[in-house]
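Please consider the sequence and the three-dimensional structure shown below. The explanation that follows leads through it step by step.

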Protein chains: 4
Amino acid sequence: MHRDRFFTLSASCPDRVGIIARVASFIAEHQGWILESSYHADAVDGRYFMRIEVKADSLPFHLAEFRDRFHPIAEELRMDWRISDSAVKKRVVILVSKQEHCLYDLMARWQSKELDIEIPCVISNHDNFRGFVEWHGIAFHHVPVTADNKQFAYAEVQRLFEEVKGDTMVLARYMQIIPAEICSANPGRIINIHHSFLPSFVGAKPYHQAYQRGVKLIGATCHYVTADLDQGPIIEQDVIRIDHSDSIEDMVRYGKDIEKAVLARGLRYHLEDRVLTHGNKTIVFR
Amino acid sequence: MHRDRFFTLSASCPDRVGIIARVASFIAEHQGWILESSYHADAVDGRYFMRIEVKADSLPFHLAEFRDRFHPIAEELRMDWRISDSAVKKRVVILVSKQEHCLYDLMARWQSKELDIEIPCVISNHDNFRGFVEWHGIAFHHVPVTADNKQFAYAEVQRLFEEVKGDTMVLARYMQIIPAEICSANPGRIINIHHSFLPSFVGAKPYHQAYQRGVKLIGATCHYVTADLDQGPIIEQDVIRIDHSDSIEDMVRYGKDIEKAVLARGLRYHLEDRVLTHGNKTIVFR
Amino acid sequence: MHRDRFFTLSASCPDRVGIIARVASFIAEHQGWILESSYHADAVDGRYFMRIEVKADSLPFHLAEFRDRFHPIAEELRMDWRISDSAVKKRVVILVSKQEHCLYDLMARWQSKELDIEIPCVISNHDNFRGFVEWHGIAFHHVPVTADNKQFAYAEVQRLFEEVKGDTMVLARYMQIIPAEICSANPGRIINIHHSFLPSFVGAKPYHQAYQRGVKLIGATCHYVTADLDQGPIIEQDVIRIDHSDSIEDMVRYGKDIEKAVLARGLRYHLEDRVLTHGNKTIVFR
Amino acid sequence: MHRDRFFTLSASCPDRVGIIARVASFIAEHQGWILESSYHADAVDGRYFMRIEVKADSLPFHLAEFRDRFHPIAEELRMDWRISDSAVKKRVVILVSKQEHCLYDLMARWQSKELDIEIPCVISNHDNFRGFVEWHGIAFHHVPVTADNKQFAYAEVQRLFEEVKGDTMVLARYMQIIPAEICSANPGRIINIHHSFLPSFVGAKPYHQAYQRGVKLIGATCHYVTADLDQGPIIEQDVIRIDHSDSIEDMVRYGKDIEKAVLARGLRYHLEDRVLTHGNKTIVFR
């Protein structure tokens, strides 16, 4: 993150002749210096996807005017689009339960500015990590979730998320099923790490399922949360080799290393606006 | 394959104190030189597994007498066991359809003696590879399979397998569902390569399924064939990374490289008596 | 390869504002439909790289006229560039010695049209594979190489390569050091597979070197051949895990699987004009 | 670590007939229940290696008596051997500099008891992590290292290590060259994580070296520290894929994920007595 300030334009539109020419010419007309750009045509569905980073100080205007001036082009191309500013840090709210590995991993990346984000607060259904989180100067909210109080608890989670103006909610092994109304209130903004290589082993206790089936690799999946459990668009996945000598406890331990790595990669892609969704799939411009 | 001749003892039995001592002492009493040995205790089921390679010329007897003398120990320990001789080549019958990658790969390994086996014949439901197989000096049998002749066709496959005294039947992307009676006639002797990372994407067109789900890795699984489609004990698996730019055709192409590598590894483990089955799982002493 | 015919433009030039706009506008003006496009800015050296696939029948002209019309733009941008036609198959000459794995692997890919190329001939310093190659309907030339005849032998290799109008020479474990004059006569056209993860274990017997050092992974490297042994631009690399129980023979065996996979991937990138060199490094637009 | 208490016997000796029989019979005579056992014969050097876990309460005696009774067998077999007790936690001293990733990672594993060790203190040449370490209830020592005070500084490190009765010293990206006298005072007890795939890129700034060479994978190596810089026995290695778009800063970031994973795995193997050294190589009984 020692790079100059830049704007990131992410967009998709129906495919046709001249899309890149139209967008790149607009940028060039204003002396915009393109740092990085990626394009993808989905030939099956006839849809075009792009992500362009433009050096901020090469342009004679800032985001508001960029938006105004680009608007007619986007209309003409029937684009879904957004633009972000690398100088505005994303606000990420982390939800955890009692497992530490993803939380420590994210905090180390935040602490070293590898993840150059704001963490306005951490929310947990347990009080275990209060000290650790607060020691880092970050607010901690204990919101217990019981069979009886779910509606109230998730209303509180959503209230806290809105209060701190969160951009992204990360379920860092939160281990609770998020109610449909929370999912639909935050589309494309809730990221989960599931402890299996989806679509294998959906739902509870995937390592137990993997042990029973006798697979030779186990994995983890980072995905957007939708109302369908473990069915949302997949952002990133990875696996690790196991063998017959590994118990379920060993698999849980190996799994943690994959979970935290996959979550960190998936979250980074998301925060850098590298992920565009297309139905239930993702385009990830790495 | 520059190693001396050796015998391979593979066994499993209920776990108890003194199993290794009993078996290793028997071998030592006869001056048997152990080249390699592996042990595994399944703590959940209380069962013990082992594989021991003994240098043939270190012993004062050969397999028949080994079997006689070891028999009381095996009885006492309530063992399932077998012993093989590295000087006796395994007889592997390959079944193919119209895809070439696994066949070429196995033939290259056979040709260079990396796989030090006999291939008494190749059987196919198409005639495409006759020339290629026969050029290598191997018999080729075209056994067409249609909706109407399945019973007859598989009886012929089984007859050919028995006629050539086959040890192992390899489905090298054979693309046909093997009838239950063939499976049960050859338990632990039919090896398949399935073109997905099981248990994801069972059945037909797994790459199409993977494309629809938007996974970020695709894989292949080498397993023993049982009457339950794609449910047999898994011997080996592996995966390869794909991304949004890969079409189904690209996935098929990437998949071939994983399929042939996974099949070759799984087959090798099997032929070297490194695979012991335990219910629907495998112990693989690599 | 079920895609429509397309042209592939590969280019690099000094970085500045408006490169993409200039090139993409040229294509759009002629109704060129972009199937795939990739761009890379080397910020350290201030150089820009691109690769664009344009659907052939979307343009009103063919390669010759494309070249004429694009020429002024390329001049203005001070570009190094080339353009190729997917309908014109690349001509690949394979050089082998006595190891079979890369040859069988390439032949299987050619036979199934996964590699949609012409193989005008195979050249070898041994006669072993004559039958195998000729059975596939491909010419085989035995050009022995001895301590005394090197100059003559390589002159003959070069003559054969030119005679068949070869585009690319593939050293498929050819195991001979190519003289400097052959390297400089064919810049960026000779591809080698080295049996180590370069820069580790340059030169002869890399698996022996790896065994001595006790590494836990071994690898292979596909690279362009230059006059500096094993120092040319790297196109692709991969590794496989080994452990203390693996002998040098085991490592050779494992290594073969990595070698053939890495060579096939690297060769494919090269043939699809996905590789641009930049000094001693490569940009690979996968 | 929910397993019962056990003793771990690690040993090596000249290879001969009857080693396993001798050792396993000794254990069986005393009703010792073997939980896990691994054996390796180095055929080149004629040396035998083993590691055996015995359930503590299956034996009628504890470590001292085990040692006495086993001594004559070890003498007879001319063994190098040691035995450890899972109930006695290893004492690990961590040395860090200014990078956080390995420290956070190890602390998370310690905090969750995944690494069931004592950390008597953390030593650093900078004061940055004092607060983080002390918050976990662990002593922190700031021992500055300058060009002038090296001898004094390392004497202090050694004094602290001995004072807390450390078993293992972990260089968690400590970034200082350990003097030869410290290396020889603690043979097989100092573990380093080097940020390259050794033997590639020995010494300083390996990611810069990797960037210059244009490799397609970068790696990390966990090894025992000896007086020869980056030449000690390798315990574990791994790699991650990069491409032309990755700057040195990106490589450093990717590298951190590999470094912490490789260090954690290597350290775990060491602490569980799974690593036996043999000259400059390791046997790792995973």
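This is a predicted model: local features need pLDDT of at least 70, side-chain atom pairs count only at pLDDT 80 or more; totals for chains, interfaces and linings use all residues.

**Helices, domains and contacts between chains**

In chain B, α8(B) is followed by B:Asp273, whose phi is positive, near 55°.

Helix α2 of chain A covers residues 63–77, which amounts to 15 residues. Its reach from first C-alpha to last is 20 Å, and this is close to the 21 Å expected at 1.5 Å a residue. Where does a kink lie in α2(A)? It lies at A:Phe70, shortly before the proline A:Pro72, and is about 40°. Just after α2(A) comes A:Arg78, which takes a positive phi of about 55°.

The next topic is the division of chain A into domains. The domain assignment gives domain 1, residues 6–85, and domain 2, residues 92–284. Taken over C-alpha atoms, the centres of domain 1 and domain 2 of chain A are separated by 31 Å. In the contact between them, 9 residues of domain 1 of chain A meet 5 residues of domain 2 of chain A. On the side of domain 1 that touches domain 2, the elements giving two or more residues are β1 (6–14), β2 (34–42) and β3 (47–55) of chain A. By class, this side of domain 1 has 1 nonpolar, 5 polar and 3 charged residues.

A single residue of chain A can now be examined. A:Val202 is placed in the loop between β9 (190–194) and α7 (206–213) of chain A. Why does A:Val202 count as partly exposed? It does so because it has 14 C-beta neighbours inside 10 Å, and a residue in this class falls between the limit of 20 or more for buried and that of 12 or fewer for exposed. Apart from its neighbours within four places in sequence, A:Val202 is in contact with A:Leu229 and A:Asp230. A:Val202 and A:Arg241 are 39 residues apart in sequence, and their C-alpha atoms are 19 Å apart in space.

The chains also meet one another. The contact between chain A and chain B takes 22 residues from each of these chains. On the side of chain A that touches chain B, β11 (234–241) and β13 (281–284) of chain A are the elements that give two or more residues. The residues on this side of chain A divide into 9 nonpolar, 8 polar and 5 charged.

Chain A also meets chain D, with 14 residues of chain D in contact with 14 residues of chain A. On the side of chain D that touches chain A, α3 (101–111) and α8 (248–271) of chain D each supply at least two residues. The largest share of this side, 5 residues, comes from α3(D). By class, the side of chain D that touches chain A has 5 nonpolar, 4 polar and 5 charged residues.

It remains to ask how these two chains are related. Two copies of a chain are related by a rotation about an axis and a shift along it. For chain D and chain A, a rotation of 180° with 0.0 Å of shift along its axis superposes chain D on chain A, with an RMSD of 0.0 Å. That is the relation of a two-fold axis. The same surface serves both copies, since 100% of the contact residues of chain D recur in chain A.

Terms used: Residues are numbered from 1 along each chain as its sequence is written. Chains are lettered from A and ligands numbered from 1 in the order in which they are written. Copies are superposed by least squares on the C-alpha atoms of residues with pLDDT of at least 70 in both. Two residues are in contact if their C-beta atoms, placed from the backbone, lie within 7 Å. Helices (H or I, at least four residues) and strands (E, at least two) are DSSP runs, numbered from the N terminus. Ala, Val, Leu, Ile, Met, Phe, Trp, Tyr, Cys and Pro count as nonpolar, Asp, Glu, Lys and Arg as charged, and the others, Gly among them, as polar. The expected span of a helix is 1.5 Å times one less than its number of residues. The bend at a residue is the angle between axes fitted to the seven residues ending there and the seven starting there. Domain bounds come from an automatic or database domain assignment.
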